[in-house]
Amino acid sequence: MTETFQFRVLATDGNARRGEISMPRGTIRTPAFMPVGTGGTVKAMYMGQVRGLGADIILGNTYHLMLRPGAERVARLGGLHTFSRWSGPILTDSGGFQVMSLSGLRKITEQGVKFRSHVDGRVFEMSPERSIEIQGLLDSDIQIQLDECVKLPATLKEIEKAMELSIRWAERCKVAFGDQPGKAMFGIVQGGDNVNLRLRSAEALKALDLKGYAVGGLAVGEPQHVMLEMLEATCPVLPECKPRYLMGVGTPDDILKSVARGIDMFDCVMPTRAGRHGLAFTRYGKINLKNARHADDHRPLDEESECPATRDYSRAYLHHLVKSNELLGAMLLTWNNLAYYQSLMQDIRTAIEAGRFADRSAEIQEGWERGDI
Ligand SMILES: CC1(C)O[C@@H]2[C@@H](CO[C@@]3(CNc4nc5cc6c(=O)[nH]c(N)nc6cc5[nH]4)OC(C)(C)O[C@@H]23)O1
């Protein structure tokens with residue numbers, strides 16, 4: 001552990017990078033997957049379980065926590081780590097994107113975003129400065145700039161305007177964040193599905209010399225090839241010595257293909273949300289436990305797994321729990337899915353260190369295609 005924020009690239013294999021981020025609250029092994037802990041909880045999991053699966057960092061959301069229980073209240077209670085009993089690093093999203101995807105009555109001006117809470121209808125105004133202040137009250141370790149992410153499809157002019165506003169907001173967030181040695185503030189590259197706008201955004205943010213760079217505006221319904229094309233344009237422009245975080249991504253296949261293009265950090269609700277809906281991620285691909293074909297199957301999801309949820313429970317039992325809408329169904333499948341995602345990340349890190357990432361990726365994908373034995 002260090003008193004400052006340090007990122008080191010330990011090995012490369014093509015454009016894939018094996019690295020680590022050292023922070024006062026712990027070291028983050030990259031490529032890393034951050035379980036989503038939106039309201040200060042990784043849904044259906046104890047934080048001790050999350051840690052036990054190998055997660056080094058989790059994600060929190062400014063938008064949700066400012067609405068409930070309130071940023072000042074979390075600060076009075078000792079900050080998000082003490083509040084939620086997670087002692088490792090926490091990355092918090094800034095709220096802009098959640099405002100656009102969740103709240104009602106939204107108005108964006110140069111000053112910030114005005115919105116109505118989806119919880120109780122109260123009206124809030126969030127400026128870049130207030131977003132950074134809230135993330136500070138939460139005692140967040142990696143803070144994300146406030147940005148504007150336009151919903152696609154959008155006109156080139158709309159995408160350009162939002163990208164340029166996000167750059168100005170990044171500058172304001174950098175000033176508001178100031179100098180906090182053990183913490184970091186990441187900018188967000190925007191630009192929609194337009195390579196030129198993405199390059200302009202990346203260059204402008206690089207000039208701000210930030211501690212890390214998120215790639216936003218993706219995983220919003222665009223085809224995977226469009227997302228990958230934006231990464232192929234953006235990553236080579238971003239500083240090699242800074243971490244790159246692809247927001248909201250993704251499926252195991254998205255992660256493999258994005259690591260191959262130079263991404264170091266990921267977050268996605270997929271494993272936790274899918275677990276609550278009866279879907280299991282395994283090395284054989286996805287298994288839908290709602291399907292009646294599992295009703296008499298005594299086999300576990302994967303007898304070779306170290307995760308009890310994956311190794312010790314029959315598919316028949318999991319099918320029963322899911323069909324009966326039992327809480328334990330969501331708990332066991334969330335546990336299985338996060339275990340699979342963390343084992344995938346460890347597999348990726350090991351393969352990059354050994355210089356066999358491409359081969360290992362192909363083997364993993366063949367396992368999914370072979371399907372459920
Ligand atoms: C993939 C999956 C399962 O994840 C779900 C659902 C729809 O996509 C997701 C995930 N995609 C996603 N893209 C993002 C882009 C930005 C961004 O540009 N700026 C900021 N500040 N934060 C972002 C967070 C992002 N999350 O976004 C919501 C709407 C939060 O639900 C998620 O499909």
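1. α14 (327-353) supplies nine residues to the lining of the second largest pocket, the most of any element. Helices (H or I, at least four residues) and strands (E, at least two) are DSSP runs numbered from the N terminus. On a 1 Å grid over the protein atoms alone, a pocket is an open set of points where a 1.4 Å probe fits, with protein on both sides within 12 Å along at least five of seven lines; lining residues have an atom within 4 Å of a point.

2. This is a predicted model, in which local features need pLDDT of at least 70 and side-chain atom pairs count only at pLDDT 80 or more, while totals for chains, interfaces and linings use all residues. Residues are numbered from 1 along each chain as its sequence is written, and side-chain values use heavy atoms, with hydrogens and water left out.

3. The second largest pocket has a volume of about 690 Å³, a volume being the space filled by probe spheres set on grid points that are joined across faces, edges and corners. It is lined by 30 residues, of which Arg283, Ala339, Tyr340, Ser343 and Leu344 are the closest to its centre. Besides α14, the elements β15 (279-282), α12 (308-311) and α15 (357-370) each give at least two residues to this lining.

4. How does the lining of the second largest pocket divide by class? It has 10 nonpolar, 10 polar and 10 charged residues. Here Ala, Val, Leu, Ile, Met, Phe, Trp, Tyr, Cys and Pro count as nonpolar, Asp, Glu, Lys and Arg as charged, and the others, Gly among them, as polar.

5. The largest pocket has a volume of about 900 Å³. Among its 41 lining residues, Phe97, Gly248, Asp267, Val269 and Arg273 lie closest to the centre. Two or more lining residues come from each of β5 (58-61), α5 (96-102), α9 (224-234) and α11 (270-276). By class, this lining comprises 17 nonpolar, 16 polar and eight charged residues.

6. Around the ligand are 17 residues (each with a heavy atom within 4 Å). Asp93, Asp147, Gly217, Leu218 and Ala219 come nearest. This shell has 10 nonpolar, five polar and two charged residues.

7. Polar contacts (pairs of N or O atoms within 3.5 Å) also deserve attention. A ligand nitrogen is 2.8 Å from a side-chain N or O atom of Asp147, and a ligand nitrogen is 2.9 Å from a polar backbone atom of Ala219. A ligand oxygen lies 3.0 Å from a polar side-chain atom of Gln190.

How values were computed
A polar contact is a pair of N or O atoms within 3.5 Å; within protein, one must be able to donate a hydrogen and the other to accept it, and residues adjacent in sequence count only if both atoms are side-chain atoms.
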